[in-house]
Every structure is written in C-alpha cells, then in structure tokens.
Amino acid sequence: MTDTTTNRPATASGTFSIGGDLPTTRLGYGTMQLTGPGVWGEPSDRDEAVRVIRRAVELGVTFFDSADAYGPAVTDGLLREALHPYADDIVIATKVGNTRQGPDQWTPLGVPAYLRQQVEMNLRHLDVERIDLLQLHRIDPNVPLEDQIGELGALRDEGKIRHIGLSEVSIDEVKAAQAVAPIVSVQNLFNLTDRSAEPLLDWATENGLAFIPWFPLATGGLTGSDSPLTKLAEQHEATPAQLALAWLLKRSPAMLPIPGTSSIAHLEDNLAGATIELTDAEFDALTDAVS
C-alpha cells in the first residue's frame with residue numbers, strides 16, 4: 001500500500017469519468033445521514049457535520065451526493081459551508097423531484113415548474129453557477145416523463161446543469177429518458193444482500209453510465225460468526241462493512257458507492273474499504289453467500 005492510499009484511502013477506489021468528462025473518485029460520500037432523525041431538520045451538531053465533510057476530502061473523496069429533500073434544504077448548505085470555494089476536483093451530485101411532508105415522508109413531484117424552482121434553489125444553496133450532476137430523485141408517475149426530463153434538459157441547455165442522472169429506475173425508464181435528454185448516471189438500491197437492480201447495473205456498465213448504489217453497506221444476516229463475510233473480514237483484518245464496499249468496487253468499474261455517516265471515526269473506517277483487494281475467489285465466495 002502506497003503512502004498516498006494510506007493517507008487518502010478513497011483514491012485506492014480508482015476513478016470514473018461521469019458523462020465521459022467529469023472524473024471523480026469511485027468511492028464517494030453520501031450526505032443524507034448528516035440530517036436530523038427521519039432525514040428531517042438540521043444535524044444535532046452542525047460543526048461536526050462540517051468536519052466530517054472536510055475529513056472526507058482529506059481522505060481522498062472527491063464525489064459527494066446530496067439532495068434538496070435531505071432536511072429538506074440542509075445538506076447542500078452543509079457542503080457549501082464545508083467546501084466552498086470548491087476545489088477543481090470536487091464533484092457534487094444533488095437531486096430534485098421529491099417533496100417532504102415530515103420525518104420519513106417522501107412524495108415525488110415532477111411538475112416542470114417545480115423541478116426548475118428546485119434546481120434554482122440548489123444552485124443558490126450550493127453557491128454554484130452550474131450543478132455537476134443533477135439527478136431526478138424519483139419519477140413522478142402523475143407527470144409525463146418527457147415533461148420531467150425535458151425540463152431538466154432545458155436547464156442543461158441553459159448551462160445550469162452539466163449532467164443529468166436518474167434515481168430508482170428501470171432500464172426501460174432510462175432508455176425513455178435518454179430519448180429526451182442525455183442521461184449519464186443511475187442511482188438505485190444495491191448492496192451485497194439486495195441485488196434486485198443487477199440487470200440495471202450490468203446495462204449501465206455496458207453503456208458507460210455511472211451506477212451509484214444507495215444503502216451500500218447493508219450486510220443483512222451475513223455478519224454472523226460463521227458467515228463467509230465475517231470470516232473473510234477477519235482474514236483481511238477488516239470489518240464486514242469494509243468488505244461489503246470492497247465487493248461493490250470489484251463488482252463493476254462503473255460502481256460509485258456513497259456510504260454516509262455523521263461520525264469521523266465511521267467515515268475513516270468506511271473509506272479504508274477502498275484499500276482492500278479481493279481475489280476472484282474471495283469475490284465469488286461473497287457473491288455466492290447470497291444468491
């Protein structure tokens with residue numbers, strides 16, 4: 001292990017070029033857990049939240065995932081407070097298209113005027129002139145998809161969005177969206193124990209789209225004393241969560257995991273997972289443990 005990966009472990013994950021022109025570290029950081037309970041309200045310790053974000057950069061992270069619905073309107077501001085003015089290599093992905101009625105409540109809203117309003121708000125909260133990656137948080141089933149993507153495409157043409165991504169979608173939905181505007185990333189639930197989005201992952205990999213798995217550290221019942229994950233973690237002198245991240249990074253070169261935490265110690269533990277190199281046999285053993 002080089003001094004660089006020891007001091008900046010996230011760099012060991014390698015890089016991916018989002019949209020072909022926006023390089024970033026593959027192992028990123030998700031900001032959702034910096035908010036209050038139920039992803040609602042301010043963090044219990046705002047100064048600590050800022051320190052966590054800055055520590056992520058020190059450890060080599062350049063990719064940060066946020067959303068207007070986190071808080072709502074909390075995490076974009078935290079990123080601005082922690083990192084503005086942004087270094088040239090920092091890439092911020094944020095989202096619009098979900099409204100909040102209270103803790104743990106989420107309702108999609110894809111009315112074009114609302115999407116435009118929220119993009120404008122995100123620009124202000126992040127204090128940027130253009131959003132690196134703007135993701136549609138959820139497709140609103142009550143609004144034609146072409147209207148939702150069409151508005152984001154118009155904002156892209158206006159220079160307010162660099163790239164467009166989608167979240168919780170099927171392959172057919174991505175293809176339908178691509179008929180309206182270029183789509184460069186997808187963000188779906190995916191982890192070692194829940195691979196329901198595997199067809200989308202393979203399709204994204206083949207077609208050059210970034211795949212951003214949310215809830216990447218879920219290990220379910222694989223952490224028992226006799227489980228392959230626990231045994232392999234002991235052999236690597238690592239934690240099960242680190243092995244779960246190592247598995248994700250080996251699964252596809254298009255994989256951009258974004259584990260989140262409000263703890264610096266937990267952040268440091270997670271990012272060390274990028275330095276673990278699984279053999280093909282170890283990867284297969286973990287894959288087969290949940291098949």
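Tutor: Residues are numbered from 1 along each chain as its sequence is written. In this predicted model, local features need pLDDT of at least 70 and side-chain atom pairs pLDDT 80 or more, totals for chains, interfaces and linings use all residues, and side-chain values use heavy atoms, without hydrogens and water.

Student: Is Val128 buried or exposed, or in between?
Tutor: Buried means under 20% relative accessible area, exposed over 50%, and partly exposed in between, with a 1.4 Å probe and protein chains only. Because Val128 has a relative accessible area of 24%, the class is partly exposed.

Student: Which residues does Val128 contact, leaving aside neighbours within four places in sequence?
Tutor: Contact means heavy atoms within 4.5 Å. Tyr86 is 42 residues away along the chain, with 9.2 Å between the C-alpha atoms. With those neighbours left aside, the contacts of Val128 are Tyr86 and Leu123.

Student: Which residues are closest to the centre of the second largest pocket?
Tutor: On a 1 Å grid over the protein atoms alone, a pocket is an open set of points where a 1.4 Å probe fits, with protein on both sides within 12 Å along at least five of seven lines; lining residues have an atom within 4 Å of a point. Of the 16 lining residues here, the closest to the centre are Tyr86, Asp88, Ile90, Arg130 and Asp132.
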